[in-house]
Amino acid sequence: MKVIDHIRQAKDTLVSFEILPPLKGKTIQSIYDHLDPLMEFKPSWINVTYHRAETMFKKKLDGSFSKIEVRKRPGTVAICAALRNHYNVDTVPHLICGGFTKEETENALIDLNFLGIDNVLVLRGDAAKNEASFEPHPGGHRYAIDLMRQISNLNTGIYLEEDIQNGGKTNFCMGVAGYPEKHFEAPNPEIDMEYLKNKVEAGAEYIMTQMFFDNKKYFKFVDDCRAAGIEVPIIPGLKPLTTRKQLTVLPRVFHIDLPTELSLEVMKCKTDAEVEEVGTEWLLNQSRELKKNGVPVLHYYTIGKPKVVYNVVKQIQ
Ligand code: FAD
């Protein structure tokens, strides 16, 4: 079932989870071990992130280096299919522009369609680790909206190959990313909002937010979206804070602020176990307030911390 239909049919706030594919070399069992306890909450769907290849340098026997491209976390499409099969749950693969040609993307979409997966979260992706800023793949897309147009085409039976006449139509429900604290490359929040509105007008049926730790930022973002004429559901993305290091890592990597009250509490902690307690309490309070305010879904980035998410969701049921 499509994400948008889950939301339309819901009588109360839904719960959904997000996972990363395991590092190459690990088995699908690591995903099941991660998700097994969380399935008690009957998530409406599970998102699986998508990862581009990274350029690495491998030392050869003669001491010189060879440049290789490594996809450390392959398997998004297959994991989505495996989760549907294993848990009978809907899945939402992420698709990104960065690192992929339009043909590779089309083939991934065809695989998803054949597997009966009709949801995608459509994203641009970040710059490759060896790039200063995002560069589109030769033969790929520059912005998420360009990838959306390819998917919309496929939804009307238009494939990249012009020879294909009366092509089978896919039926993807597209979600896109939104940034309560602005996407870091956008010149200002108003221009970022214009681009977000363009994505909605191009067919995005819902927005999923970047993580935030201050609910006021989410509520303001929703108000700003509504004022800009964006009417689609806006799903809050929530992440547990569990280590002291995250006080600097999260702002650097995700371009978000951490509230003073939370930061001061974390600074008082002597161990990461104590930080995890503070982070769990914070996430619980965030979740309760969001639910009280009638958000459509509480979407948890479970990444590496299913126990914290379990303890929070258990208390808001
Ligand atoms: P876009 O919507 O394309 O926007 C990118 C930037 O360009 C923004 O600054 C925007 O304002 C600007 N812009 C948009 N359109 C135009 C235009 N026409 N002209 C000029 N500027 C424009 N990354 C992954 O690699 N894998 C994942 O699985 C993944 N999952 C994510 C899930 C969520 C919920 C979120 C919030 C992010 C995720 N990301 C993921 C990270 C994401 O790829 C990055 O944040 C990326 O930098 C931007 O992606 P986007 O889809 O928002 O890009």
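A nitrogen atom of the ligand sits 3.4 Å from an N or O atom in the side chain of tyrosine 143. The backbone also takes part: an N or O atom of tyrosine 50 is 2.8 Å from a ligand nitrogen, and one of alanine 144 is 2.9 Å from a ligand oxygen. The protein buries 85% of the 980 Å² that the ligand exposes when taken alone (Shrake-Rupley areas, 1.4 Å probe).

This is a predicted model, in which local features need pLDDT of at least 70 and side-chain atom pairs count only at pLDDT 80 or more, while totals for chains, interfaces and linings use all residues. Residues are numbered from 1 along each chain as its sequence is written, and side-chain values use heavy atoms, without hydrogens or water.

**Ligand shell**

**Nonpolar core**
- The largest nonpolar core has 91 residues (buried Ala, Val, Leu, Ile, Met, Phe, Trp, Tyr and Cys joined through side-chain atoms within 4.5 Å).
- Helix α10 (residues 272–292) gives the most to this core, with 6 residues.
- Leu35, Trp45, Leu83, Val120, Ile151, Phe213 and Tyr300 have the most contacts inside the core.
- Beyond four places in sequence, isoleucine 151 is in contact with residues including Leu95, Val120, Thr170 and Phe172 (heavy atoms within 4.5 Å).

**Threonine 170**
- Threonine 170 lies in the loop between α5 (144–155) and β7 (173–178).
- Threonine 170 counts as buried because its relative accessibility is 5% (buried is under 20%, exposed over 50%, partly exposed in between; 1.4 Å probe, protein chains only).
- Its side chain makes a 2.6 Å polar contact with that of asparagine 155 (N or O atoms within 3.5 Å; within protein, one able to donate a hydrogen and the other to accept it, with sequence-adjacent residues counted only if both atoms are side-chain atoms).

**Positive phi**
- Most residues other than glycine have a negative phi.
- Lysine 42 has a positive phi, near 45°, in the loop between α2 (29–35) and β2 (45–48).
- Lysine 42 is exposed, at 68% relative accessible area.
- Lysine 182 has a positive phi near 75° and lies in the loop between β7 and α6.
- Lysine 182 is partly exposed, at 23%.

Note on methods. Helix = DSSP H or I, 4+ residues; strand = E, 2+ residues; numbered from the N terminus.
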